[in-house]
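I opened this notebook to keep track of what I looked up, one topic at a time. The entries begin with the sheet and go on to strands, helices and rings.

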Amino acid sequence: MALVQYSDSESEEESPPRPIKKICPAPTPASSLPPLPKTFHDLYASSTRVSVKDDPSLHGGRKRVIPHIEGNWPTHLYLEWFPSKDELAVLSDILRQCEDRLGKSNIDLHSLLHSDLGAQLPLHISLSRPVVLRTEQKQPFLETFTTALQDSHISAFDVVADSLHCVSNYEQTRWFYVLRVRKPEHNGLNRLLGISNRCLARYGQPPLYEPPSGPGTDRESRGPRKSTHKGAAQSQMGDYSECFHISLAWSLTGPSSEDHDRIAQIDLRRMAGLRIPFDCVKAKLGNQITSIPLSTGIFGQRG
């Protein structure tokens, strides 16, 4: 029943005036809401599987590098970055410049900033290549890696991206448009990579990077070479600062040398001063993600 107001001179016999409309306050802007917890994104990090077979038509022509086999757990170790609104605008501008400069090359760029439905996606720096663990190795590996990370006492750090490049994966089935990052203070990236390599080696898995083989290796066009078992021990140590990167987009067609030159001329001034913080390492085993802080303990685990 609506509330109405009457003047003191009006009697009960007189017709009541129209009710005074109550103006509802405007809804609180979304920007004033507290940010989502970091573990929220872990809940929806894996897309719904729509086929148990490798069907490139379901995901932009990409081919599965690791086939789906019952009892195998695809595993990836990485640092995750969820850009803010302003940071996302800078990255989107960089991709727009890429598309403009590659417009005559018929290269179809697929952004990694948003999903096909328009949802923002987290970005990452890899600390491992995609590897496979057996079911019986899954929990022991996670415990081994967590303990090694905690014992290392590596503290949180920031990185700065300073250049844009195009590199291929080791299989040369996809090309990635990436931001290379500078070596952070206290060498955090190389130290984390060393821990990842050592822990994976205990379970028969190769490290992420290995030194270029031979004087003719073109690291600029092929990118940082993914390791095989050969040379694994040597690549557990060393400086791989030039290899770490954040992928912004991918394509199924590689750029020409002229395209590489055009990409190198893209204006990155808006990116100056952008510092990307990392305070935990993500371990993804199958569809389960564990966040391990660079201090102590585990934030949470979601499957």
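I am working with a predicted model, and I began with an open sheet of 5 strands, whose order I noted as β2-β7-β6-β5-β8, with antiparallel pairing. Its edge strands are β2 (110-111) and β8 (275-278), each of which pairs on one side only. I then followed β2 to its neighbour and found that it pairs with strand β7 (residues 245-251) in the antiparallel sense over 2 bridges, and that S111 has A249 in β7 as its bridge partner.

**Entry 2, strands β1 and β4.** Next I looked up strand β1 (residues 72-81), which runs antiparallel to β4 and is joined to it by 4 bridges; for N72, the bridge partner in β4 is R134. I asked myself which side chains of strand β4 (residues 131-134) point to one face and are buried.

Strand β9 (residues 280-285) pairs with β10 in the antiparallel sense over 6 bridges, and I noted S291 in β10 as the bridge partner of K282. The hairpin has 2 residues between its strands, and G286 takes a positive phi near 65 degrees there. Why is strand β10 (residues 288-293) largely enclosed by the rest of the structure? I wrote down that it is so because 6 of its 6 residues are buried. Both of its faces are covered, with Q288, T290 and I292 on one side and I289, S291 and P293 on the other.

Helix α3 has 18 residues and reaches 27 Å from its first C-alpha to its last, close to the 26 Å expected at 1.5 Å a residue. Its buried residues include K138, F141, L142, F145 and L149, and just after the helix H153 takes a positive phi of about 60 degrees. I searched the whole structure for aromatic pairs and got 5. F141 and F145 form one that is stacked, with 6.1 Å centre to centre and 10 degrees between the planes. Both lie in α3 (residues 135-152), 4 residues apart, about one turn of the helix. In general, an α-helix has 3.6 residues a turn, so residues three or four places apart point the same way. F141 counts as buried because its relative accessibility is 0%, and F145 is buried too, with a relative accessible area of 1%. Together with Y203 they form one aromatic cluster.

I found the charged end of K138 over the ring of W73, 4.5 Å from its centre, and that of R174 over the ring of W250, 4.9 Å from its centre.

Helix α4 (residues 188-201) is mostly covered, since 11 of its 14 residues are buried, among them L189, L192, L193 and I195. When I turned to the largest nonpolar core, which has 58 residues, I listed L79, I125, F141, F145, L192, F244 and L248 as those that touch the most other members. Leaving out residues up to four places away in sequence, L192 touches L79, L127, L149, I154, F157, V281 and L294.

Note on methods. Residues numbered from 1 in each chain as written. Predicted model: local features only at pLDDT ≥ 70, side-chain atom pairs only at ≥ 80, totals over all residues. Heavy atoms only, no water. Buried < 20%, exposed > 50% of the residue type's maximum accessible area, 1.4 Å probe, protein only. Phe/Tyr/Trp six-rings, centres within 6.5 Å; stacked < 30°, edge-to-face > 60°. Lys NZ or Arg CZ within 6 Å of the ring centre and 35° of its normal. Pairing = 2+ DSSP bridges. Core = buried A, V, L, I, M, F, W, Y, C linked by side-chain atoms within 4.5 Å. Contact = heavy atoms within 4.5 Å. Expected span 1.5 Å × (residues − 1).
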